[in-house]
Amino acid sequence: MSVSTTWVSESIAHEIAEANQAAGEIATSSAQVMLSSGELARLAEHPDVTARKFKI
C-alpha cells in the first residue's frame, strides 16, 4: 500500500470509530429518554399523589 492509501484507510477507520461512538451515545440517550418517559407516565397515572408532594 502506498502512503496515500494507508492514510485514506486510517482516515476511514477513524471515521467509522467516531460513528460507532456517536451511535453508542445516541443509544444511551435513547435509553434515558425511555426511562424518563416511563417515569413521567407513572406520575401522570396518579396526579393527585404527585400534587400532594407540593405545599401551597
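Start by selecting Glu 39 and Arg 42, which form a salt bridge whose closest N and O atoms are 2.6 Å apart; the term stands for a side-chain nitrogen of Lys or Arg within 4 Å of a carboxyl oxygen of Asp or Glu. Side chains of opposite charge can pair when their charged atoms come close. A search of the whole structure finds one salt bridge.

Before going further, note that this is a predicted model, in which local features need pLDDT of at least 70 and side-chain atom pairs count only at pLDDT 80 or more, while totals for chains, interfaces and linings use all residues. Residues are numbered from 1 along each chain as its sequence is written, and side-chain values use heavy atoms, with hydrogens and water left out.

Now colour helix α1, residues 3-45, and you will find both Glu 39 and Arg 42 in it, three residues apart, or about one turn of the helix. Helices (H or I, at least four residues) and strands (E, at least two) are DSSP runs, numbered from the N terminus. Glu 39 is partly exposed at 36% relative accessible area, and Arg 42 is partly exposed at 44%, where buried means under 20%, exposed over 50%, and partly exposed in between, with a 1.4 Å probe and protein chains only.

Next select Ser 36, which also lies in helix α1 and is partly exposed, with 39% relative accessibility.

Move on to Val 8, another residue found in helix α1, and partly exposed with a relative accessible area of 37%. Select Trp 7, Ile 12 and Ile 16 together with Val 8, and you have a nonpolar surface patch of about 420 Å². Patches are made of residues with over 30% relative accessible area and no salt bridge, like charges being joined within 9 Å and nonpolar side chains (Val, Leu, Ile, Met, Phe, Trp, Tyr) within 5 Å; accessible areas come from the Shrake-Rupley method with a 1.4 Å probe, and for residues only the protein chains shown count as cover.

Finally, zoom out to the whole protein, which has two helices and zero strands. Its C-alpha trace spans about 75 × 20 × 5 Å along the principal axes, and buried residues make up 0% of the 56 residues. The accessible surface comes to about 5,100 Å², of which 67% belongs to carbon and sulfur atoms.
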